[in-house]
Amino acid sequence: MTNNNIRVRFAPSPTGKLHIGGARTAIFNWAFARANQGNFVLRIDDTDPERSTKENERIITDALSWMGLDWDEGPGVGGPYGPYKQMERMERYQQVVNDLLKRGLAYPCFCTQEELEAARAKAKAEKNPYQGYQRTCRELSHEEVTKRIQAHEPYTIRIKVPLDHPDIVIDDLVHGRVVFSAKELDDFIIMRSDGTPTYNFCTVVDDADMKISHIIRGDDHLSNTPRQVIVYEALGAPVPAFAHISMILGEDGKKLSKRHGATSVEEYQLEGYEPDAFLNYLALLGWSPDGETTIVPRDVLAHTFSLAHVSKNPATFDPKKLDWINKQYLSNMSDEEFAKTVVEPELVKAGLEKRADFEKNASRYLIMAAITKPRVRVAPDVVGLLHFLYTGPTPSIEEKAIRKGLASGGAEASLLEALEVLRGATSWTPEEIDTALHPCPERIGVSNKVFFGALRAAATGSLVSPPLAESIALLGKDLFLARLDHALDVMKCV
RNA sequence: GUCCCCAUCGUCUAGCGGUCUAGGACACCGCCCUUUCAAGGCGGUAACACGGGUUCGAGUCCCGUUGGGGGCACCA
């Protein structure tokens with residue numbers, strides 16, 4: 001599968017559904033791997049047992065699969081560096097911690113959470129900048145440590161940041177050079193008192209073990225990077241390349257959250273967006289091959305993606321543009337494809353049609369496809385567009401349609417004329433109907449607007465509908481004629 | 001508070017010192033097409049946050065200001 005050492009990973013924590021931001025991170029990683037003949041590994045960072053669930057894990061992998069992102073290693077597919085769930089790697093973390101302890105690169109800390117919080121609170125109260133952990137337990141004697149451990153005092157493990165460590169320089173692939181002073185770093189906790197590892201530690205252990213070469217992740221991790229570099233160095237592992245991509249914001253410029261509407265991939269899937277369109281939109285949020293391209297098919301993305309064209313700016317999620325792209329994908333389908341993959345399934349889902357042999361009703365579905373395709377934003381919209389076909393011979397007619405379509409002067413004459421003209425029709429195709437109806441308004445001396453308006457109201461129960469001739473053809477002769485009668489009845493009652 | 005990141009039309013972006021009177025796309029507005037609604041065609045409004053440098057020349061480089069965002073947890 002690979003012919004070089006490019007290995008990237010996406011490591012979601014299953015504490016919620018897959019968010020738009022996470023989805024884009026996954027897309028960039030996947031595309032980078034594919035464009036460079038590298039490997040894309042999926043790892044589940046589930047070290048937060050309080051919030052991680054099996055269900056979320058499933059939702060996340062489903063969402064990735066829905067978007068067409070396949071992983072070369074990870075849950076479900078295995079791989080040479082597994083296991084790919086952190087909860088299954090606990091022994092490994094313990095082993096690394098023991099090794100660090102033995103080599104004097106980490107040490108037990110007996111400070112309690114209360115003590116640490118008090119120090120933070122004190123700094124805040126005195127308006128002093130919080131200096132971080134003051135390395136209280138760094139130089140405890142061997143005797144004292146063993147004594148306190150034997151006394152069952154709880155302790156965490158902290159990493160020993162070298163006091164004379166030079167500046168940490170990150171040559172970020174999207175930001176360029178970023179320099180952090182090692183003095184900003186305190187001896188952070190790598191293992192909690194319950195023996196579980198912390199994020200900044202286990203993510204590095206895993207990335208090193210899994211030979212990850214490029215870490216592509218959100219900007220929110222840029223500040224964590226120097227800490228992680230310290231861990232790489234303690235491990236004696238090579239530091240990978242980093243690429244920090246910008247955050248995705250809501251329409252108000254604030255971090256994307258619930259109040260911005262749909263924020264999880266699952267919601268877009270449920271709303272009926274095309275996975276390719278969704279992928280396309282997200283890929284272009286922060287990545288722009290040339291400033292002109294708006295449609296990027298999955299395979300093109302997989303061939304041309306490059307970190308060099310990734311923007312540093314935070315991006316605002318724009319549902320309108322997503323809609324536009326989705327529409328592009330929909331209208332690029334042939335009528336037949338649209339009929340098969342959108343119209344039929346949606347009507348069946350809505351309970352309006354039975355799942356029957358598509359071929360048996362092919363011509364009917366083709367007409368439906370032709371008239372709905374340019375009018376659909378997302379797939380389920382076809383149901384609303386076609387619903388009038390399923391309301392029987394005496395449908396309820398919208399109040400507005402009665403008032404404007406049926407109550408006008410020539411409405412009755414129009415309906416009677418249409419009845420007259422179409423009653424004797426021998427075939428029932430849109431073309432036939434159209435030619436039959438076309439001369440009518442002039443013949444009876446009403447405007448097109450009045451004539452077709454009345455007809456539309458009678459046939460569809462609304463002033464807004466797909467093209468009339470096609471709609472009438474779809475309705476069938478009997479149903480259409482019955483509706484004309486019904487409309488005439490309704491008019492008498494007004 | 002402190003450290004770090006970011007700054008071109010309302011939005012996504014092109015731009016990597018002269019070709020920028022700043023280009024494309026979405027959205028918006030207008031016109032055309034039209035029996036409704038769409039779709040489509042044509043056109044339009046609209047941006048280099050501010051202030052200093054550097055340079056013959058700055059959207060493009062440097063510094064500062066302002067404004068956003070993120071980290072500083074026994075969350076990830």
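A salt bridge is a side-chain nitrogen of Lys or Arg within 4 Å of a carboxyl oxygen of Asp or Glu. In general, side chains of opposite charge can pair when their charged atoms come close. R43 forms such a bridge with D207, and the closest N and O atoms are 2.8 Å apart. R43 sits in the loop between β2 (39-42) and α2 (54-66), while D207 belongs to helix α6 (residues 199-209), so the pair ties together parts that are 164 residues apart in sequence. Helices (H or I, at least four residues) and strands (E, at least two) are DSSP runs, numbered from the N terminus.

This is a predicted model, where local features need pLDDT of at least 70, side-chain atom pairs count only at pLDDT 80 or more, and totals for chains, interfaces and linings use all residues. Residues are numbered from 1 along each chain as its sequence is written, chains are lettered from A and ligands numbered from 1 in the order in which they are written, and side-chain values use heavy atoms, with hydrogens and water left out.

Are R43 and D207 buried or exposed? Both are buried. Buried means under 20% relative accessible area, exposed over 50%, and partly exposed in between (1.4 Å probe, protein chains only). The two residues also belong to a network of salt bridges that links R9, R43, D45, R89, R92, D206, D207 and D209. The structure holds 32 salt bridges.

Two other pairs are worth a look. D171 bridges to R177, with the closest N and O atoms 3.0 Å apart. D171 is partly exposed, at 45% relative accessibility. R177 is exposed, with a relative accessible area of 59%. The other pair is K340 and E336, whose closest N and O atoms are 3.5 Å apart. These residues are 4 apart in helix α12 (residues 335-349), so about one helical turn separates them. An α-helix has 3.6 residues a turn, so residues three or four places apart point the same way. K340 is partly exposed, with a relative accessible area of 38%. E336 is partly exposed too, at 43% relative accessibility.

Now turn to RNA strand B. How many residues surround RNA strand B? There are 59, and the closest are R192, P374, R375, R456 and S465. A residue counts as near the strand if one of its heavy atoms lies within 4 Å of it.

Some contacts can be picked out. A polar side-chain atom of T47 lies 3.1 Å from a phosphate oxygen of RNA strand B. A polar side-chain atom of K321 lies 2.9 Å from a base nitrogen. S465 uses a backbone N or O atom, which lies 2.7 Å from a base nitrogen. The elements giving two or more residues to the surface near the strand are α4 (113-125), β6 (176-180), β11 (315-316), α11 (319-331) and α19 (448-460). The largest share, 4 residues, comes from α11.

Follow α19 next. This helix has 13 residues and reaches 17 Å from its first C-alpha to its last. That is close to the 18 Å expected at 1.5 Å a residue, where the expected span is 1.5 Å times one less than the number of residues. Its buried residues include F451, L455 and R456. The buried residues of α19 pack against α15 (399-406), α16 (411-423), α17 (430-437), α18 (440-444), α20 (468-475) and α21 (477-493), where contact means heavy atoms within 4.5 Å. After α19 comes G461, whose phi is positive, near 80 degrees.

Notes
Polar contact = N/O pair within 3.5 Å; in protein donor to acceptor, adjacent residues only side chain to side chain.
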